[in-house]
Amino acid sequence: MTFGRRSQVSPGTRLRIGSATGWGRADWLALADRMLAAVRPFASPGNALVTIPGPHGGYGPAVDGLEGFARTFLLAGFRIAGARGAGVDALAEWYAKGIAAGTDPAAPDRWVRMEEHAQAKVEAASIALVLDLTRPWVWDRLSPAVQERVVDYLAPAVGDGTYPRINWVWFRLVVQTFLRSVGGPHSLGEMAEDLATHDGFARADGWLSDGDERAYDHYVGWALHVYPALWARMAGAADLAAGRRARDVAALDRFLRDAVALVGADGSPLVQGRSLIYRFAAAAPFWAGALAGVPSVGPGQLRRAATSVVRHFTERGAFDDRGLLTMGWHGPWPRLAQRYSGPGSPYWASKGLLGIALPADHPVWTAPEEPLPVEREDGVRAVRAPGWLVSATRADGIVRVVNHGTDHAAEGSTAGDSPLYARLGYSTATSPVLDEGGWLNPIDQSVTLVDGAGRATHRAGMRTLVVHVNSDGVGVAGSRGAVRWVDPDPGHRDHGGGRAGAHRTAGVVTVYSLVRGPWELRLARVDSLAEGVDAGALRLRIGGWAVAGGATAAFGGGVASVTGAGLTSWLESVHGGGTAGATAVRDGGPLAGDVVVPWLEHPVRPGAWVAALVELSGGTGATDRDECRAVPHETAGRLHVAVHWPDGTDTAVHVDTDHAQDRRQAAR
């Protein structure tokens, strides 16, 4: 089928734009009570282990049971603290019984200890945090013998230098802070070390990277910002937090200005990054902002964001018919889990209900709801730390991210791409292709060199060149790097990052994105090919947005269109003569199973620019629109691009391609 002039997708009905969520504090409490009641039948006789039905996780049933207890104890702790102990005696007693059994070495359902399995270090932090939060109603009512056993259980955190230098530093710090408050062993030196490590994660505009790699994901919010806000209020942290509280709150405040803009109008977070089975844990940083009293994002908007996120999942099948969270995004999709995840792992979603720990008269509960940024207006913003351009469109409520700086790798890496991190685009309405081919052979939201066998290159390790919004409101971002074919090592441990293995360099590719509304003009150039690589044996492929939900494709004449689930993914060759096509991937993602990806393929001409219009829009109607036109040309190390956008607007962009800003250094 051949396409002529393109039709604009009209506003859809993905949700009630601008409508109030309709949830009050009572709705939140009811949800928490249902979640807690649903897991009770799966507790061990002593309540110490909560083993949710399902295949055992990669760490075995003992860890599964500990996760189920500790992660639901988080939720119980928020419920008890918010009630100030009133009317929740039975809940407190139920978990107190579990603590007594779990810390008893002779109990048949005793907890795995930290010396026995590292995952216990994660769960111990939740237990310590809640014991501090609920001190008058749980800890103070434990017998001296049980208190002593709790201290003994937590004590191995002191002197343990094996905690990974990522968000795990907070697990050691929280445990030692609690131990300090009850007269237990602790090391002020190690506590200072963990705080310093956390400070080393700081990047531009309140963002934090989860370790040394460019790991920007939901952990920025639900771990690296939430833990400081909670830790500062622990009894053992008062003197340590005093000198840093203002700085931590300022960083959280600045981060939240971006974070609220990343929530879709239907409440969906970005489908990006690891541990997505934690689902509405993505609401946690908004509650942390309310807890900390951030000045820039009002309590009504914080509650709106949190409620929208949690409602998104409760209304889309996150719970099974027993009221249990499953492994997946909306409904079950076990492949979304990392290899270590067990059936209790999804209950880190409890963090998303942190707000119920705040009393009913707190401003976050009494302030009127305020719309999210995407509900107010269209906009493009640059987020420097992760190298993102964020485009939100009010008509369809979709938030899109164009990614030129996040790959869960370091610059110069030779690993394969993680589809959770290294794709050129993520959104609140789509998922990357996450079947095995998505890890081995990038197709969606990518620019790749494809050989005669159909193998596509990987881009992780690229250098970010520029991320900004110009005076015309057009977002400009770019990246450059060596691309390679990768043969992954067998037995790779799936912790979310790309797969390492033997690699062969194909060449160097530069990509720029110009973003306006639902459109990205993607410019790509093969700068050079590696020795022995034949241009004639390759194709330069540009992949667009993957659409799920019974999607159908039509393509021809340099245009590919995929429609489904109220979405249209459009890919059009604007410069360079691309040939269009589409690929269907069976059960390729967690949203609705099968997905379809449009793509364009070009002959490889080193040094020549190609340009494609990449669009993701909601709705099913159509109105006339202009044909997109763009003519890139380069002179004296500057790329000039005059664009006629589909809405009839003309803009001009000029980019320094020889001396582009090294955004990594500017962001530190």
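Strands β9 (residues 501–516) and β10 pair in the antiparallel sense over 10 bridges. Pairing requires at least two DSSP bridges between two strands. Strands themselves are DSSP runs of E with at least two residues; helices are runs of H or I with at least four residues, and both are numbered from the N terminus. This is a predicted model, where local features need pLDDT of at least 70, side-chain atom pairs count only at pLDDT 80 or more, and totals for chains, interfaces and linings use all residues. Residues are numbered from 1 along each chain as its sequence is written, and side-chain values use heavy atoms, with hydrogens and water left out.

Across the pair, Val509 stands opposite Val526 in β10. The hairpin has 2 residues between its strands. Gly517 takes a positive phi there, near 60 degrees.

## β10 and its other partner

Strand β10 spans residues 519–529. It also pairs with β18 (residues 609–618), running antiparallel through 7 bridges. Leu521 has Leu613 of β18 as its bridge partner.

How many residues of β10 are buried? The count is 8 of 11, so the strand is mostly covered. Buried means under 20% relative accessible area, exposed means over 50%, and partly exposed lies in between (1.4 Å probe, protein chains only). In a regular strand, side chains alternate between the two faces of the sheet.

## The whole chain

The protein chain has 17 helices and 22 strands. Along the principal axes, the C-alpha atoms fill a box of roughly 75 × 50 × 45 Å.

Buried residues make up 63% of the 668. Among contacts with a separation of 6 or more, 70% join residues 24 or more positions apart. A contact means heavy atoms within 4.5 Å.

## Surface and charge

The chain exposes about 22300 Å², with carbon and sulfur atoms supplying 53%. Areas come from the Shrake-Rupley method with a 1.4 Å probe; for residues, only the protein chains shown count as cover.

Pro164 is found in the loop between α5 (144–154) and α6 (169–181). Pro164 counts as partly exposed because its relative accessibility is 32%. Glu411 is 247 residues from Pro164 in sequence and 21 Å away in space, C-alpha to C-alpha.
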